Amino acid sequence: MFACTKILFIAIVSSLLLTSCQLGRFVFYNFADINDHKKFQSRPLKRGADTFSFPKASRGKVPKEIYNGPFDQYLEDHKTVAFLIIKNDTIQYEKYFKGYDHESIVPSFSMAKSVTSILIGCAIDEGLIQSVDEPIVKYIPELNKVGFDRVTIKHLLQMTSGIQFNESYANPFGDAASFYYGLNLRKQIEKMKLKSEPGKQFEYISGNTQLLGLILERVLKGKTVTQYLQEKLWTPLGMEYDASWSIDRKKNGLEKTFCCLNARARDFAKIGRLYKNEGNWNGQQIVSQAWVEASTKLDTTNGSVRYYQYQWWLPTPGEDFMAEGILGQFVYVNPAKDLIIVRLGKNEGKADWWTIFTALAKVY
């Protein structure tokens, strides 16, 4: 009897810690993993009435070997769960591993940063935001008191804001863990400080993208970021499946715009197709061509770096770009080759995916 009571007590305490305490959630979950879409509150995205599907080539061009071994085996050995190669809007290669298939949901992790950037572009196109050169305190006035009047939306997009932010997920008290496991992103944002002059140095930190998410929420005036994603991308792009975006808490939650868009591989590929076609989707301009070009061009002025622009990574500036997540989630795009590659995984394995993508681009 005592043993059962003790077990029940531990279960109740663990449950309370898990739901109400950032540290408890960190200890219980330990580190971001591929099943995190099941752990957090989220807002739904619904497939529309009209869906778009990539046709599959009857005899697709399949990579035979990589690093002296079968391509399929290499992918599986390096913790891949989904790998798609789409050439000329046709699936040339599609493989799933470790019990996953085309209907399996996988969290985007930081690929959501690129999606957040698209939504910022849409908001600018619609006049909800006037310019990337606006100071962020216009939309987040509570940060005015700590010097954020010098930080612009462009600084956030280029990761040159100078914000003090610990990006480590391994530290339970670090900023990234607080944002990921915490229950009040708005409160965390209010605590933000600057450590250096904006526009001087690139530093990849998730806090920049979460500020972009709060700006989006403010300009949408009652519409959630998820609803805006539904309106601007999920329905127009003909996504084949329902999806979701994780939020910090159930009541009045805020989307974790630095991460946590939960979807299927084929639908992630459509984000790549949109940008491959300069923001145009089957004749409809979803986001302006000017925004796509600004998001993926080489620009090393004002602290920006040659391999990153507006929340997109640039493996070979001027040739390709990609969205990337912490566990080796990727949407790689090479417009000149009309090529999209999606790789999702349990983690990165020991593969150099940037090199693999650019090598595949040369042979496709």
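**Figure 1. Disulfide between Cys259 and Cys260 in the predicted model.** The torsion about the S-S bond of Cys259 and Cys260 is about -70 degrees, so the disulfide is left-handed. The two sulfur atoms lie 1.9 Å apart; a disulfide is taken here as a pair of cysteine sulfur atoms within 2.5 Å. By this rule the count comes to 1 disulfide. Cys259 is buried, with a relative accessible area of 1%, and Cys260 is also classed as buried, at 3%. These classes rest on relative accessible area (buried under 20%, exposed over 50%, partly exposed in between; 1.4 Å probe, protein chains only). Cys122, at 1% relative accessibility, counts as buried.

**Figure 2. Strand 7 (residues 243-246) and its pairing with strand 1 and strand 8.** Helices (H or I, at least four residues) and strands (E, at least two) are DSSP runs, numbered from the N terminus. Strand 1 (residues 42-45) and strand 7 run antiparallel and are joined by 4 bridges, with Leu45 opposite Ala243. Strand 7 also pairs with strand 8 (residues 261-263), in the antiparallel sense, over 2 bridges; here Ser244 stands opposite Asn262. Pairing requires that DSSP find at least two bridges between the strands. Within strand 7, Ala243 and Trp245 point one way, Ser244 and Ser246 point the other way, and all are buried. In a regular strand the side chains alternate between the two faces of the sheet.

**Figure 3. The largest cavity and its lining.** The whole structure contains 3 cavities of 30 Å³ or more, and the largest cavity holds about 50 Å³ of space. On a 1 Å grid over the protein atoms alone, a cavity is a set of points where a 1.4 Å probe fits but cannot get out, and lining residues have an atom within 4 Å of a point. Grid points are joined across faces, edges and corners, and a volume is the space filled by probe spheres set on the points. The lining consists of Ser108, Met111, Ala112, Val115, Phe268, Ile271, Ala323 and Val331. Helix 4 (111-125) and helix 10 (265-276) are the elements that give two or more residues to this lining, and helix 4 provides the largest share, 3 residues. By class, the lining has 7 nonpolar, 1 polar and no charged residues (Ala, Val, Leu, Ile, Met, Phe, Trp, Tyr, Cys and Pro count as nonpolar, Asp, Glu, Lys and Arg as charged, the others, Gly among them, as polar).

**Notes to the figures.** Residues are numbered from 1 along each chain as its sequence is written, and side-chain values use heavy atoms, with hydrogens and water left out. In this predicted model, local features need pLDDT of at least 70 and side-chain atom pairs count only at pLDDT 80 or more, whereas totals for chains, interfaces and linings use all residues.

Notes. 1 Å grid on protein atoms, 1.4 Å probe; cavity = no way out; pocket = protein on both sides within 12 Å on 5 of 7 lines; lining within 4 Å.
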